[in-house]
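Open the model in your viewer and keep the selection panel at hand. The tour goes from a helix pair to a chain interface, then to a pair of domains.

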Amino acid sequence: MKRRIAIVIMLVAALAVYAGGSSEGGDGAFTPSRDVTWTCTSNPGGGSDIFTQEIKDIIMTHGISDANIVIDYVTDGGGEVGRLNVSRTTGPRANHTLLTFNSGDLMPMCLNTDNRIENFTPIALMAVDNHLILTGDLSKYKTFQDVLDALAAGERIVIAGSKGDDIETYNELIAELGVTANQFAYTTNDSTSTAITALLGGHVDLVLGKPAACEQYILAGRMTPIVALAEERFDTDLLKDTPSITEFGYEAVDVPNWRGVVAPKAMSDAAADFWSEVLRQVSETEDWLVGYVERNGLVPQYLDREATVQYMADFQADYLQKIGKDK
Amino acid sequence: MENFAMLFHGFSVVFSLQNLGACLLGSILGLIVGAMPGIGSLAGVALLLPLTYKFDPTTAIIMLGALYYSNMYGGAFSAILLNIPGDSPAVLTAVDGYPMATVKKRPGQALMTANASSCIGGIIGMLILVILGPALAELGLKFGPAEMTVLLLVAMTSIGWLVGGNPVQGLLLSFIGILVASIGMDVQTGRPRFDFGNIYLLGGVEFIPFVIGTVGFAQLMQLMDEKDDVVHAVTDKLTIRGSMLTAHDWKRLTPPSIRAGVMGTFVGVLPGAGATAASFLAYAMQKAFKSEEPLGTGAIEGIAASESANNAAAAGSFAPLLALGIPGSGTGAVLLGGLMMWGLNPGPLLFQNEPDFAWGLIASLFISNIVALAISLGIIPVLLKILKVPIRVMIPVIMIVCFLGAYASTYSMFGVIVMLISGVCGYIFEKNDYSTAPMLLAFVLAPLLEDNMRKAFIATAGDISEVFFSSGISIVLTTVLIVICAFPVVRTILIKTGKYTPKKKSA
């Protein structure tokens with residue numbers, strides 16, 4: 001008898017612990033009941049960290065949620081360890097774990113590991129970044145037409161950029177322009193700032209970058225944007241006069257650099273809906289739209305959970321096809 | 001001069017209670033994280049950065065700048081006393097500092113040398129930063145992939161000076177260093193190399209756990225080998241007075257400190273080079289100059305070159321960060337992120353738009369130099385007490401320090417595994433009289449060389465003449481490279497033909 005009572009007590013205790021961790025109310029709604037671990041796979045001060053800190057700050061200052069969010073930097077294996085850990089998180093912790101996840105994370109993950117977006121619960125897409133090409137004081141190409149003329153004349157041009165989606169954008173660019181990687185060569189750098197260093201020193205002809213990384217150099221007159229690679233021109237005072245590549249008779253070649261949030265696959269629907277709603281509220285604040293999106297020259301593009309699942313799955317499918325890993 | 005006027009304006013910014021407090025706190029934290037193996041300036045600044053997001057930007061950068069700078073002082077402590085470099089720029093400080101402390105039984109003087117040369121190097125770096133200001137950053141821009149390739153090739157030739165009497169052993173360990181450094185992601189193609197399907201290896205092998213193992217853990221195993229429980233250094237004169245440098249010591253440390261300070265500043269300005277490369281280059285350069293004792297045996301000149309260069313490089317790396325918004329090192333990249341989080345716009349307009357911020361930071365570096373020096377001198381007697389601890393007590397303590405340091409550098413057990421493997425290998429190498437210094441030098445320089453060389457070849461379509469002779473800087477450096485490579489050959493020919501007779505034994 002004592003043994004049975006002990007077993008019942010243990011079962012009740014286990015259920016209580018489980019229920020306490022998951023904290024889903026009777027109506028199925030979720031509210032966080034423990035510290036939330038938000039994994040960031042770049043170092044503090046990096047782009048992903050700034051994105052994460054900004055959202056955390058808005059959640060706190062606007063009272064969107066009173067959850068205590070702890071940012072956990074897991075940079076092992078180029079961030080793959082952090083992504084794998086989050087994808088495998090289970091139990092009550094799964095509802096309290098988030099991961100900053102950008103297109104620049106998805107591409108190396110698909111390229112170098114077997115981890116896929118299906119191993120996560122996509123929560124929201126927050127913003128999209130677009131690319132532009134810039135020239136410097138010491139470059140002999142002052143306009144995009146100069147670049148096109150030089151390529152037509154068989155000249156060799158060197159463009160510098162960063163990793164991840166910059167490389168993909170470059171690959172699409174040379175395909176669209178119909179030139180070879182040898183004629184329009186690309187040097188990969190650890191960051192856009194290193195590429196800018198090469199341009200300012202006259203060691204490359206052009207830089208492929210994003211508005212936020214280049215804004216101060218444009219303002220200082222050290223760099224000039226010569227073409228936006230998106231369908232349309234940028235909608236900012238600084239870049240509104242920069243022609244779009246479509247104005248030169250080419251298709252847009254931009255690979256959008258999206259910034260989003262995902263969670264473990266084991267996160268419950270109620271928790272995923274909760275976090276998606278939290279991020280929707282964040283995306284509508286002035287602090288987000290002006291203090292982060294506008295300041296970094298991004299395009300605000302909040303997508304809810306359902307739309308994000310589709311968007312990320314489509315992006316991954318396209319990318320896997322490009323790199324020949326779609327089978 | 002206008003720049004000095006701006007510097008005094010910077011001092012007026014720093015001399016507020018809040019900023020002075022931030023400077024003092026940053027200096028103390030920098031000394032602590034520098035002295036703790038594995039944390040270092042990069043991790044120290046990264047850990048503290050999120051706490052400063054709500055600070056006034058000038059106060060925040062003063063605190064982090066002071067931390068970064070004084071970290072260079074702290075790194076020497078454990079390097080000299082335990083043979084475990086507190087941070088990567090202090091690796092070569094250990095090479096001479098530890099023998100000076102233990103074999104030569106002058107631990108106080110070794111610490112004093114490190115502090116004095118750090119101060120000299122720092123002041124040189126800061127003065128060059130003030131005088132040249134943005135022009136210093138523009139100089140760094142002239143070093144593109146081609147120029148960096150030739151410069152790094154010159155630096156790689158210094159391995160020849162580090163290998164000692166057996167070139168085959170030196171080359172072997174250099175190749176091992178290159179091999180280990182090539183594990184991880186290939187930056188140019190974005191594809192993994194030598195990862196063997198292990199997710200942890202995708203990010204490559206971190207330098208800090210590698211060096212803690214190769215130098216520190218290997219040293220620990222050697223101590224365990226000795227078995228006898230002796231005090232491994234002198235027990236007398238463990239006071240500040242007993243640690244004072246003689247006039248002769250000062251004469252020995254000043255010239256290398258000045259040389260390394262000037263060189264370290266310029267290396268700090270170069271893209272991606274940083275304080276570690278600066279200390280290696282300065283040490284290699286010191287090999288070309290006369291030292292009273294052979295480097296690696298506890299020479300004051302070796303400690304002075306390494307310490308002066310890393311402090312000067314730390315100061316120099318602020319030039320591209322402030323003048324162009326371009327980080328000169330990993331720590332600079334974290335600080336750059338901080339500038340954005342604090343609401344500033346890093347870039348060419350920072351000096352113009354935010355003079356309080358830029359000059360306040362530079363002024364604070366002078367103050368943190370003095371604060372770090374004062375604290376470092378003051379704690380010498382406390383630090384020296386470490387040497388009184390018997391080996392049987394020291395061994396577990398060092399072991400814990402090695403494990404903690406390796407874990408702290410990566411926040412995972414992967415760092416500990418790297419430390420253990422490299423420790424065992426380092427022990428085997430040392431036991432068989434293989435010097436591990438060339439391996440560490442190759443590990444630091446090879447990724448930089450590879451990255452720049454591949455970029456240079458892409459930019460020039462593989463035209464070697466464009467790489468080596470495309471600019472004045474390249475031509476001068478190529479000439480130096482040829483002279484360095486040809487010198488031993490010419491020397492051998494001259495000796496064989498009887499036209500030159502070498503002196504008996506020189507450093």
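Two residues are in contact here if their C-beta atoms, placed from the backbone, lie within 7 Å. Keep in mind that this is a predicted model.

**Stop 1: a helix pair in chain B.** Select residues 17–35 of chain B, helix α2, and residues 40–48 of chain B, helix α3. The two pack at an angle of about 130°, and their axes are 9 Å apart. That angle makes α2(B) oblique to α3(B). Their crossing is right-handed.

Now show side chains. On α2(B), pick L29(B), G30(B) and V33(B); they meet G40(B), G44(B) and L48(B) of α3(B). By class, this contact has 3 nonpolar residues, 3 polar and no charged.

**Stop 2: where chain B touches chain A.** Which elements of chain B give two or more residues to the side that touches chain A? Colour the contact first: 41 residues of chain B touch 43 residues of chain A. Then select α16 (330–341) and α22 (437–459) of chain B, the elements that give two or more residues to this side. α16(B) has the largest share, with 7 residues. Switch to colouring by class: the chain B side divides into 28 nonpolar, 11 polar and 2 charged residues.

**Stop 3: two domains of chain A.** Select 33–128 + 258–322 of chain A for domain 1, then 132–248 for domain 2. Taken over C-alpha atoms, their centres are 29 Å apart. Zoom in on the contact between them: 6 residues of domain 1 of chain A meet 8 of domain 2 of chain A. The domain 1 side holds 2 nonpolar and 4 polar residues, and no charged ones.

Terms used:
Residues are numbered from 1 along each chain as its sequence is written. Chains are lettered from A and ligands numbered from 1 in the order in which they are written. This is a predicted model: local features need pLDDT of at least 70, side-chain atom pairs count only at pLDDT 80 or more; totals for chains, interfaces and linings use all residues. Axes are lines fitted to C-alpha atoms, for helices over the stretch in contact, and angles run from 0 to 180 degrees between N-to-C directions. Helices (H or I, at least four residues) and strands (E, at least two) are DSSP runs, numbered from the N terminus. Angles under 35 degrees count as roughly parallel, over 145 as roughly antiparallel, 65 to 115 as roughly perpendicular and the rest as oblique. A crossing is left-handed if the near helix is turned anticlockwise from the far one by less than a right angle, and right-handed if clockwise. Ala, Val, Leu, Ile, Met, Phe, Trp, Tyr, Cys and Pro count as nonpolar, Asp, Glu, Lys and Arg as charged, and the others, Gly among them, as polar. Domain bounds come from an automatic or database domain assignment.
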